[in-house]
Amino acid sequence: MRSFVALPLPSVVRRGLIDRTRPWRGELPQARWIAASNLHVTLRFLGELGEDGRRRLEEALHRHLQPCTSFSLQLVDGGSFGGRVLWAGVEPVPPLMALKAAVDAAVREALDHGPEARPFRPHVTVARCRRPWPRGAREAFVGRAAGAWGKPFRALGAALFESLQEPGGVRYRSLSEVAFQP
């Protein structure tokens, strides 16, 4: 099963992301806009994970993440990865960076995976495209995406998700959740 660890977003934040991107959808017709139910902040992509690895990782995530306390996050600015992914940025506050380190420690312990090759850049993917968007369209998105995207919100927990390929597209399903301390 393809899996990842992420911060689920409150429904009000997901709705705000959809509302904010709605005016841009007609300008980027080749984009596949992410469904509200799939919006999240990825902490660690894992790829294929068997049942034994899943069990070990769930246990390690609970050990490493249960001491974490809830914290405030702010979506801010936007950008593009490789011209194929549009995203809303997440302010890299210290509690988020500490959470990322705890997730990485759990992954290392449970699966013996080393650090990720790319530096962590917290974001919420809002759209994908098979071919790169024209540079002008990307620059226009980044320009309009500047500033705060709604009000700050609380990160209340993290989850292990699996990615399910279905006839209508990809759906993410939470397998295990760890609530943070209040």
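Reader: How do the residues lining the largest pocket divide into nonpolar, polar and charged?

Author: In this predicted model, the largest pocket holds about 1,300 Å³ of space, and 33 residues line it, with Thr-42, Phe-45, His-123, Thr-125 and Arg-128 lying nearest its centre. By class, that lining divides into 16 nonpolar, 10 polar and 7 charged residues.

Reader: Which element gives the largest share of the lining of the largest pocket?

Author: The elements that each give two or more residues to this lining include strand 1 (2–8), strand 7 (123–128) and strand 10 (169–179). The largest share, which amounts to 5 residues, comes from strand 3.

Reader: Which helix gives the most to the lining of the second largest pocket?

Author: The second largest pocket has a volume of about 150 Å³, and the residues that line it include Val-12, Leu-17, Leu-75 and Trp-149. With 5 residues, the element that gives the most to this lining is helix 1.

Reader: Which residue in strand 6 is the bridge partner of Leu-75?

Author: Strand 5 (residues 75–81) pairs with strand 6 (residues 85–90) in the antiparallel sense, over 5 bridges. The two strands form a hairpin with 3 residues between them, and Gly-82 in the turn has a positive phi of about 60 degrees. Within strand 6, the bridge partner of Leu-75 is Val-90.

Reader: Is Gln-66 buried, partly exposed or exposed?

Author: Gln-66 lies in the loop between helix 2 and strand 4, and, leaving aside neighbours within four places in sequence, Gln-66 is in contact with Leu-61, Val-178 and Gln-181. Because its relative accessible area is 42%, between the limits of 20% and 50%, Gln-66 counts as partly exposed.

Notes: Residues are numbered from 1 along each chain as its sequence is written. This is a predicted model: local features need pLDDT of at least 70, side-chain atom pairs count only at pLDDT 80 or more; totals for chains, interfaces and linings use all residues. Side-chain values use heavy atoms; hydrogens and water are left out. Two strands pair if DSSP finds at least two bridges between them. Helices (H or I, at least four residues) and strands (E, at least two) are DSSP runs, numbered from the N terminus. Buried means under 20% relative accessible area, exposed over 50%, partly exposed in between (1.4 Å probe, protein chains only). Contact means heavy atoms within 4.5 Å. On a 1 Å grid over the protein atoms alone, a cavity is a set of points where a 1.4 Å probe fits but cannot get out, and a pocket is an open set with protein on both sides within 12 Å along at least five of seven lines; lining residues have an atom within 4 Å of a point. Grid points are joined across faces, edges and corners, and a volume is the space filled by probe spheres set on the points. Ala, Val, Leu, Ile, Met, Phe, Trp, Tyr, Cys and Pro count as nonpolar, Asp, Glu, Lys and Arg as charged, and the others, Gly among them, as polar.
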